[in-house]
Structure formats: C-alpha cells, structure tokens
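Subject: A structure for you to explore

Hi there,

Here is the structure I promised to pass on. Have a look around first, and then read my notes below.

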Amino acid sequence: MSLFRDRRILAGAMTLVAAAALTACGSKTSDEGSAAGVTADVSGDTVKVGLLNSLSGTMAISEVTVRDSIMLAVEEINAAGGVLGKKIQPVGEDGASDWPTFAEKAEKLISEDRVAAVFGCWTSASRKAVKPVFEKNKALLFYPVQYEGLEQSPYIFYTGATTNQQIVPGLDYLKSQGAKSVYLVGSDYVFPRTANKIIKAYATANGMTVLGEDYAPLGSTEFGTIVNKVKSSGADAVFNTLNGDSNVAFFKEYKSAGLTAAAMPVVSVSIAEEEVKGIGTQYLEGQLTAWNYYQTTPGAANSKFVAAYKAKYGADKPTSDPMEAAYVGVHLWKAMVEKAGAFDVEKVRAASDGITFDAPEGLVTVDGKTQHIAKTARIGKIGADGLITEVWNSGKPVAPDPYLKTYPWASGLS
Amino acid sequence: MTAVTPAPPSTAVHPAPVGAVPPGRPAGRSRLRTLAGFAFGAAVLFAVAPLVLSDFRLALLAKYLCVAMVAVGIGIAWGRGGMLTLGQGVFFGLGGYAMAMHLKLADAGPGGMPDFMQLYGQLDELPLWWRPFASPWFALPATVLLPMIVAFGLGSLVFRRRVRGAYFAILSQALAAAMVILLIGQQGTTGGTNGLTDIKGFFGYDLDDPVNQRMVYFVIAGTLLALLALTRQLIHSRYGELLVAVRDGEERVRFLGYDPASVKLVAYVVAAGMAGLAGALFVPAVGIISPALIGIVPSIEFVIGVAVGGRATLLGPVLGAVAVAWARTALSERFPGTWTYLQGLLFVVVVAFLPGGLASLWALARRRDVGARPVRRGWLSLGRRRAERTEVPAA
C-alpha cells in the first residue's frame, strides 16, 4: 500500500543522509589549530574594510553617527594617499540592531568581501555575537564603544573605554564630591548589570552605600516607580546606565518629581552630545556624564575633527565619544598596518603595541597586551546649550585594565 | 468520501494513526507527484545547493531551513488548525537553549562551567537546573520534549477554556515577552541579552571547520524533509481532516461528539515540537541563541514567512520562510540603508495581491493556462482536495 512505500523511501533517504553526514565529518574539537583564517584580499590597488553598524532598528540613531564618523576617517586617509599606497574601499552592512544578524554580516564581510578589518558594533550583545566569528576567521574588529570590561579577545581592538577609564573615575569623582550613597538605575542588559556589579564592589570598599538598584527593560518609558524609589531613598547621587530612549522618560520623570542636579546629581555613562539633543537640555542641564571625549575638549586635533565633521554632515551635528573612538580606530588601524608593513592580521596585531595617535581626545596609546587603548578619563557637566563641559579629568591617559586586576576591591569580580 | 464518523460523546478524540490515507483518494497521481516533489527537494538540498553555494551561503541556507521548520509547524497549527500562534519563539528558544546549554557544558569539559557564569554570575558551581543538560541523553530529547510539554500544559488550559482567535494570539505573544524578560533578568545563569554564544563544538566536532558546518547543513536539510514527510502524512490522516473541520466549524465538530480542544492541542504540541527541533539545530548552524531570537518580533517574523508562503499548504510555509529570510539577507546586503522599506513593500504587495501566499502563484498560473477551470488552490494545497474533487472532474 502507498503508505508502506512512502515510508520505505523515507527510511532509505534518512539512511542516506545519515551515511553522508557520517562520512563527511571534519575535524574534531580535540584537533589543534584546525580552522584556518581567511586572508584579506589586498591584490588590487584598493583594500576593503567592513563597516558593521545598525542602520535600522532601535540602535540606528546612535550607530549611524558612528558610521558617519568612520566614513570621515576613511575619506581623510584616502585623501592623504591611503594605507600602504592602497585606497580604502568601505563595504557597509546593516546589523539591524539584531545580534545574530551582526554575526551573519560579520561572516559575510570576512569570507565573501574578504575585508582587511571591520569597524563597528555598539552593544555588548552584538560584540559578544560577532566575537566568535572574528576569532574563528582570525580577522580584526575595531570596537568603538565604552563597555563593561572583563573581555580581551585577540582579534578585537577596543578603542572605547573599559571600566577603569570611565566608571571607576566617575565613582572617584562622586566620592571626591562627598557622595556617601548612590542609587543605581540601568537598562536591563549585560552592560548595566555588569557595571553595577563593579560599582557595588567599589562602594563596599570605599565606604559608600548602594541604596537601591533598578533595571528597566530596554526601550522602557515607564519610570514613575523607579523615580519615586530614587526620591524616597535620599541618595547623594544616582548612577545611570540607562540606554537610548529610556533616558528621555527617566529624566522627564526625574524633573517632574522635583529632583534637581544640585540636590541629587545623576552621573550617566551612556548620554553623549547626540543623546543630549534628543532628551532635551531643559531636563539635563547640570547633570554629569563620564566619558573620554567631549565636543568641547580643547586641542588642535579636536578642532580639526569637529570642523571636518560639521563640514561633511552639517553644522548642527554634534560629535560624541563613541564617534570619536570609531574615528580614532580607523587611524590606529592605518598606523598599525604601516608599522607592520602589511595587512596581515597577525603582523598588524604584533605591531600594535605602543602605537600612538594624536586623537581629538588627546594622545592615545595602544596597549598591545590587552588591545585596549590608554585614554584620559573626563567628567563633564551638561550645559544649557546642549554641550558638555569638562569639570574634571584624570590629568594623563589611564592605562586600560579590563579585568580590574590593579584594583584590590575588584578581586572577586573576574 | 471521508465523512467524519461521530464518536460516542463521552470519549475524546481518537486521532487516526499518523499516515493513514483517507479512503477513496485517487491514489496514483497525487502520490507520484508527492514522491517526485520530495525527490526534487532532496536533489536541490543535497546536491545542487552544496555545489552552487559557497560555505558562507550554505550556512545561511542552513539558518533559513531552521526557520522553515518552525514555519512547517505554524502551517499545521495556524494554516490547518486556525490557531494564530504568535509565540512560537518560546518553543524555538526552549529547544535552542536546551541544545546550547548542552554544547556550552560540553565545551567547558567535565566539571567545567560556561565562561559567562563566572563573568556575570560569579557562581562557584553550576546551578542545579543546568546540570542535567550535561548529558546528551537528557539534552537532546529535551530540545523537542521540553517545548512539547510546555505547549501541552499551556494548550490544555487554553483550549479547554475555549480561548481562541485574537485572545489566543495575544496570549502566545505575552508568553514570548515573558520568556524574554525572564532570560534577560537571570543574566548570571542564562547569559542575559547576550544569550549563549561562542559555541565551539558539536558532539565532539569542531564547528569552526567548514566540513563540519556542511555536515550540520545536511542534518538540517534531512530533518526538514523528514518533518515535511511527517506533516504530509499528518494532514492526510483522519486527524488532519478533523483539524481542518475544527478550524472551519469548531461548534459543529463539538456537536458531532468530538472534543475540539484535544484536536487543537495535538496540532499545537506538534508545532511546538517542530519549533524546538528547529531551535536546537539553529544553534550549531549559527552558533548563537539569544533572547533577541525568541521575543515578540522574531515570533511575528516566523508567522510572516508562513503568511507570505501560503499558510494552508504543505510547501507554502517552507517556501515563504526561506523566501522572506533570503530576501532579508539579499536586500540588506544590496541596500544596507533602505532595505527595511523594500522588505515592508514586499509584504504589502504579497498580502494585497496574493492573499493565498506564494503557493497560490502556481494555482494562478495554472488557472490562466487551462482557462476557466475552477481550481480553488494549487497542488501545493493538499487540504482542500476533497472539495476540489467534487467540483473538478479528474483531468
């Protein structure tokens, strides 16, 4: 009967599949060095680099500014003759604010376009998603955003701040201002949760009290409860790791609850010039931020950067820390390639230690061991004009310490 | 014709054995067509695709085929059973997480812990609920059974209380949202928004090796074909007829003495099992499972693929899911800045001009060819054949 024949054929097909699968097996996990890297295609008179940012989805508003800034650096380098005599040809892909898409596009850039390096990613989740792709293919990623630390991939260069270059100085500043208690507010994802773990360890060691810790889902705009809890806690300061749109709702609620920057300052680590514009200065005036760069940072390199950016994208466009870090990343990659004399990833990595660049934020130095860069920490105050003015800086670049090994209070964290 | 024989009112449904052929079906032609269809599908998936596509594109196809497996399940539950399952991400996630937890533990080695636990959770030892997943004998069946058990529990409650239509859809969405919030909140033990990533091996095989990636692709393609064969038998069985009857007239079926809740429950549980299996195979193919893959938006995207393909047909959901996923990749590579508009336009065009989905294209073309022949749906639609036969003399 028909059914019987169908089944026999199905069984036959499945046996075939199984047989094909078993005979076609490749290397086992126990084999050493089985996966070979993909080499970049540098045969022509151009060299391709990948730009991997979210151009759609919730992260697009931030990541598009990073893309613009990378393009600016590429144009500058091409105008000055390119890298090792080759013009840079950027290949853009949209990560779509979706982590597996980031992994897919990274793989595409590496194995189909055979780019020499990739610049981009913003959220930690997207970085964690692409990290195995870069490690598998032995390809390079330049990651431009401050993050939660506790990571050191041999195939990623971290040009944004790690925790000891942003969060720890922020806490030091609060402590120096006499803050004895803090309240932690953050979006519910990996960066805020990890940052808050570090903050709690710091607080315990420095005689600060953490009066509360609250998380809102990414994109949440309901902050009535949280702000009430903050208000009744009577904390000296609030440490804010909210991301994106949530900040708008939080600060509106904060102001309408009668809380002010003078009575209870908020230190934010994800609000830069671009976000200030979106949230509205009337809600933010006087509040604090911790970064490594502001549009107002003095120096010739920054004046040039700001002028070039505004000339290309419009006079009303601000520059911000992640944009600057992305811009610096492209220039650092150029310097590494030129020092190595080749685009080869291993040679570039070997050449990276000690590379310096006169960046808009001041002199930065690549630490070859951690593949992070030494950066000056800066605390800023948001002004009525939407710009952020520095109120404190670390005086000299702070050496990166992603695992906080030099901080005794952080010994239990990693 | 298969008039549904009334059962004594007290007894529940007796689903006919899977694969039973409705009596009175003209056997020859349709079976031949089905066999030819399967042979063609197998040839495309096993011979043509690996030869034409690069390793990267083949890995993408593997990913699409996983989505297609979920779509096959939605085709049963929604297309045949009328349950708009807007929360299949939950079952996809359960399967995916079960598999990823096992693979992470296998990577960590005996007694080891996944890397992220020390980082985010500062745990000294493996949480209790992770432990069984160290054994493949637990984890592998769990990828399918866990979603089915959850679906069974939820379905028993929901269908008995006669929750249906929009209420059912909203409920399944809420479940997807709840699961995402739970996973993100328990960052120390679930990896939070990052999900479980950086998976190195698949039962001892190094996933970085392109040969092994190819093997994973073959396993996925084979599984999809097997699921399609199973689905075909299911929808041709007496149970399949009953499911359609419940979709089209639940009260009538109830008055005939059947229990519609049980009929729907079976379809819902089968669809959940397929989604779980898809999630489990997605993990070695893509190397990541995260809340972003199982929340409300991806759950809706699963359904969009099915709608575009044609939900009431056997192959429609598969074609739709693969087409939508492929279009997404192709458009976003070609137009990184504007692809979302183009994708939206595509959906609007399909819904406006092809309400039966891509699968109805075939019928449309045939109707044009033959002239005024009143073919209701194409050969892809195996369900309405009875109705068709009453109107159309065998050609």
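Let's begin with chain B. Over residues 1-25 of chain B, pLDDT stays under 50, and the model has 46 contacts beyond four places in sequence for that stretch. Residues 371-395 of chain B also stay under 50, with 43 such contacts. Where pLDDT is low, the predicted coordinates should not be read in detail. Please keep that in mind when you look at these two stretches.

Which helix of chain B has the lowest confidence, and which the highest? The lowest is helix H16 (residues 385-391) of chain B, with a mean of 38, while helix H11 (residues 260-286) of chain B has the highest, at 96. Across the whole of chain B the average pLDDT is 84, and 85% of the residues score at least 70. The model's overall scores are ipTM 0.80 and pTM 0.85.

**The two chains**

Chain A has 13 helices and 15 strands. Its radius of gyration is 24 Å, close to the 22 Å that the globule rule gives for 414 residues, so chain A is as compact as a globular protein of that length. Along the principal axes, its C-alpha atoms fill a box of roughly 80 × 65 × 45 Å. Of the 414 residues in chain A, 59% are buried. Chain A carries 40 positive and 44 negative side chains, and the centres of these two sets are 3 Å apart.

Chain B, in turn, has 16 helices and four strands. Here 55% of the 395 residues count as buried.

Chain A exposes about 14,900 Å², with carbon and sulfur atoms supplying 54% of it.

What about contacts with a separation of 6 or more? Residues 24 or more positions apart account for 68% of them in chain A and for 78% in chain B.

Is A:Arg127 buried or exposed? A:Arg127 is buried, with a relative accessible area of 0%. Beyond four places in sequence, the residues A:Arg127 touches include A:Tyr143, A:Glu148 and A:Glu151.

Next, go to A:Ala139, in the loop between H4 and strand E4 (141-143) of chain A. A:Ala139 is buried as well, with a relative accessible area of 7%. Leaving aside neighbours within four places in sequence, A:Ala139 is in contact with A:Ile110, A:Phe134, A:Tyr155 and A:Val345. A:Ala139 and A:Val115 are 24 residues apart in sequence, and their C-alpha atoms are 8.6 Å apart in space.

Finally, find helix H8 (residues 246-256) of chain A, whose buried residues include A:Phe250, A:Phe251 and A:Tyr254. The buried residues of H8(A) pack against several elements of chain A, among them strand E6 (181-187), helix H7 (224-233) and helix H9 (273-279). After H8(A) comes A:Gly258, which has a positive phi, near 85°.

Enjoy exploring!

How values were computed: Residues are numbered from 1 along each chain as its sequence is written. Chains are lettered from A and ligands numbered from 1 in the order in which they are written. Side-chain values use heavy atoms; hydrogens and water are left out. pLDDT is the predictor's confidence in each residue, from 0 to 100. Helices (H or I, at least four residues) and strands (E, at least two) are DSSP runs, numbered from the N terminus. Contact means heavy atoms within 4.5 Å. The radius of gyration is taken over C-alpha atoms; the globule rule is 2.2 Å times the number of residues to the power 0.38. Buried means under 20% relative accessible area, exposed over 50%, partly exposed in between (1.4 Å probe, protein chains only). Accessible areas come from the Shrake-Rupley method with a 1.4 Å probe; for residues, only the protein chains shown count as cover. Lys and Arg count as positive and Asp and Glu as negative; His and the chain ends are not counted. The place of a charge is taken as NZ of Lys, CZ of Arg, CG of Asp or CD of Glu.
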